[in-house]
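Dear colleague,

Please find the structure we talked about just below, followed by some notes on what was found in it.

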Amino acid sequence: MSTTRPYSPGDRGPESGDGGASGVDGASGAPVDGAAVPAVEGAAARPAAGHARRLSFAGESGVVPLARDFARQALYAWGWLPAANADQRAAAEDVLLVVSELVTNACLHAEGPDELRIACDNKVLRIEVSDRGAGQPAPRTPHRAGRPGGHGMFIVQRLCLDWGVVRVPGVAGKTVWAEVGAPA
């Protein structure tokens with residue numbers, strides 16, 4: 001499902017009182033405390049009760065493997081890895097693939113990513129990639145499975161519960177977010 005809503009279906013947003021997120025800043029290792037990890041400065045984001053981490057890509061090269069390693073470390077810290085069964089392994093692999101696709105899309109179509117944010121509660125893991133690009137991500141239509149390239153957002157759409165784009169009026173760029181269901 002492609003959407004431009006900053007929240008998942010049925011989520012009322014930050015006013016729902018879901019505060020208490022904490023985690024670690026991926027760049028500095030410092031604790032991140034607060035009610036939510038904002039999608040974009042000044043924009044409302046889905047509250048993340050549980051854990052949150054962020055990684056700045058400023059001055060970094062090799063950002064796709066860096067993002068995957070960062071996400072993998074978060075999955076270990078949050079108990080998604082090591083996986084106890086096939087469903088848990090598949091969910092963790094889906095997260096890593098979605099991170100790769102969103103960061104790659106920012107590299108190819110949006111002047112590179114600025115920041116990766118990952119937040120997890122008991123039901124959903126939310127991935128957000130901010131960039132300076134003006135384009136609107138969308139699955140290629142019609143999808144041609146046998147042709148190279150153009151599969152990133154189709155993969156995200158297939159693996160995720162929901163995804164969308166958040167823009168802040170008057171601010172360059174966007175945040176592309178996607179949510180993966182926690183394994184049972």
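In these notes, two residues are in contact when they have heavy atoms within 4.5 Å of each other. Helices (H or I, at least four residues) and strands (E, at least two) are DSSP runs, numbered from the N terminus. Please keep in mind that this is a predicted model, in which local features need pLDDT of at least 70 and side-chain atom pairs count only at pLDDT 80 or more, while totals for chains, interfaces and linings use all residues. Residues are numbered from 1 along each chain as its sequence is written, and side-chain values use heavy atoms, with hydrogens and water left out.

The chain has three helices and eight strands, which follow one another along the sequence as β-β-β-β-α-α-β-β-α-β-β. Of its 184 residues, 45% count as buried, that is, under 20% relative accessible area, with a 1.4 Å probe and protein chains only.

In helix H3 (residues 152-159), the buried residues are Gly152, Met153 and Val156. Because they cover an arc of only 90° around the axis, they lie on the same side of H3, the arc being that of the directions from the helix axis to the C-beta atoms. The buried residues of H3 pack against helix H2 (86-109), strand E7 (162-166) and E8.

Strand E8 (residues 174-181) also holds threonine 175, which is buried with a relative accessible area of 0%. Its side chain makes a polar contact (a pair of N or O atoms within 3.5 Å, one able to donate a hydrogen and the other to accept it) with the side chain of serine 130, at 2.8 Å. Another polar contact, of 3.5 Å, joins the side chains of threonine 175 and arginine 117.

Key:
Buried means under 20% relative accessible area, exposed over 50%, partly exposed in between (1.4 Å probe, protein chains only).
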